[in-house]
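Please load the model in your viewer and keep the selection panel at hand. The stops below go from a whole chain to single side chains, with the cut-offs given along the way.

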Amino acid sequence: MTLPAALYFLALIGGVVLSFLRWRKLRHGFRFLALALIFTLVSESYLKLLYHFKWDLPRSYALFTPLFFGALIAVYLRILPKFWPRLLAGIGLAAVLLKGGLELGKFEMDFFPLTSVSFDILVLVFIVLLGFRHMLQYPNEESLLRNPFFLMSAAHVVYWSFSYVRIGSMPAYLELVSANNRWFESLHTWLSVVYYALLAYVIYLASLKRTHD
Amino acid sequence: MTELTETGFFGGTLLLSLLALFLVLFVGKYRRRQMEHREEKRILEQKLREAGYESQVEIIEKTLEDLAQEIHDNVCQRLTLANMYLRQAKAEEPPLREESIELIEQAIFDLRNLSKVLSGNYVLEHGILLALEKEVQRLGMVNGLSVDFTINGEHHLLEASAEVIVFRCAQEVISNVIKHAKASELCIHWASGMKALDLRICDNGCGFRLSDAEGKGLGISNIRKRIALLGGICTFQSEAGNTCVSIHIPYQAASKSS
């Protein structure tokens, strides 16, 4: 296991441990974020096993992806107070889960479903932008660096936009990989480390006090 | 790099740059909104505080009103009746009877005066100057203070509620002089200028330290707040033998506030 991969697992395990320890103090919105972290850890460890035994890797991802994105969207569904943003978040959640269910039912792909994940990312980023709009409408006294809602939203936007770019430039990426140029992949892994460490910090902050809801 | 690779990376770089720009703009905008929010909150809190003081003043006014009514309608009537009975009664000791009558008459007179100065209506009906004069008379008689009340300039009418507030503040200052200053002389100077009213209340008592007095419940901060509510300022200067409280109220500010 490489250093960034080890750190990635460490950050993820830290987030999950915090989620269990602080579960009772988390408000319902952030409990979905904790669930998303738990899904990720289960899926990552389970998928490593599957990979080890050469089992059906893509099908497991197809199960995990809608659950993961669904949980991330559900955070916003719970926290956004106004009717229209909530309705849009609800529609987004339903679309992601429905698409995931349909795909799982007739799953015959040989490789990771990139177009499908791109759709989930777009829905999530759109709802995160609604979250930013909500913050501008209802600012509070808290510093942004202590505001779990902002940190979570910023982390989602940066990480998932980067992932989107990665998926979009996959042909170019494959060309790079084939040329033994791994820096782009390594950058993504380091970004994952920061992302999951930040989400763990968000869980910690959200369990301390009331914030943007 | 092939053309496809270059296009992919160009697009990706552009998207990520836009994203970075978006986050920077968001943080800037959010900071501005935070500042606006803070300002709105401060104004709201100030309004709430002012509303609180106003209602506090109203409650005090109502209580004093009820008290004045009670003294006038109940106590004074009973004393008057007792006075009449005593006059009609055939007492065995005429000097004692005369003395009782005199005492009761004095009590009725004092109660009537007290009732007048307690009631805000007296200020509303007769104006602040007459009410102050009445108060000064009463104090001089009751406490043996030598009171000097001077009026300069033509009286510029304040809003009715503003007059009641100024009167209550003056009353509180005078009451502090009687209770704590051990003064023998009290000087009240009322000056109505073209643009503002200046009221100075000075005494030759033992004086006080402002920092000590604010914690003793002398109502100094209340007086300041009430005057500030009218858009004026109240200053306290004190040393042994010479203490002065000055109230300055611009007419324009007072009419806006009340």
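Accessible areas here come from the Shrake-Rupley method with a 1.4 Å probe, and for residues only the protein chains shown count as cover. On that basis, the accessible surface of chain A comes to about 10,600 Å², of which 70% belongs to carbon and sulfur atoms. This is a predicted model, in which local features need pLDDT of at least 70 and side-chain atom pairs count only at pLDDT 80 or more, while totals for chains, interfaces and linings use all residues. Residues are numbered from 1 along each chain as its sequence is written, chains are lettered from A and ligands numbered from 1 in the order in which they are written, and side-chain values use heavy atoms, with hydrogens and water left out.

Of its 213 residues, 52% count as buried, where buried means under 20% relative accessible area, exposed over 50%, and partly exposed in between (1.4 Å probe, protein chains only). With a contact taken as heavy atoms within 4.5 Å, residues 24 or more positions apart account for 78% of the contacts in chain A with a separation of 6 or more.

Within chain A, select F149(A), which is found in helix α6 and is buried, with a relative accessible area of 0%.

Next come the charged pairs. Side chains of opposite charge can pair when their charged atoms come close. A salt bridge is counted when a side-chain nitrogen of Lys or Arg is within 4 Å of a carboxyl oxygen of Asp or Glu, and a search of the whole structure finds 6 of them over all chains.

Select K99(A) and D120(A), which form a salt bridge with their closest N and O atoms 3.3 Å apart. K99(A) lies in helix α4 (residues 83–105) and D120(A) in helix α5 (residues 114–137), so the pair ties together parts of chain A that are 21 residues apart in sequence. K99(A) counts as buried at 16% relative accessibility, and D120(A) is buried at 0%.

Which residue of chain A does R38(B) pair with in a salt bridge? Its partner is E141(A), the closest N and O atoms being 3.2 Å apart. This pair crosses between chains, from helix α1 (residues 3–88) of chain B to the loop between α5 and α6 (148–168) of chain A. R38(B) is partly exposed at 38% relative accessibility, and E141(A) is partly exposed at 36%.

Moving on in chain B, select R226(B) and E172(B), whose side chains meet in a salt bridge (3.5 Å, N to O). The pair links distant parts of the chain, with R226(B) in helix α7 (residues 220–229) and E172(B) in helix α5, 54 residues apart. R226(B) counts as buried at 12% relative accessibility, whereas E172(B) is partly exposed at 22%.

The last stop is K182(B), in the loop between α5 (160–181) and β2 (185–192) of chain B. K182(B) has a positive phi of about 55° although it is not a glycine, and it is exposed, with a relative accessible area of 74%.

Note on methods. Helices (H or I, at least four residues) and strands (E, at least two) are DSSP runs, numbered from the N terminus.
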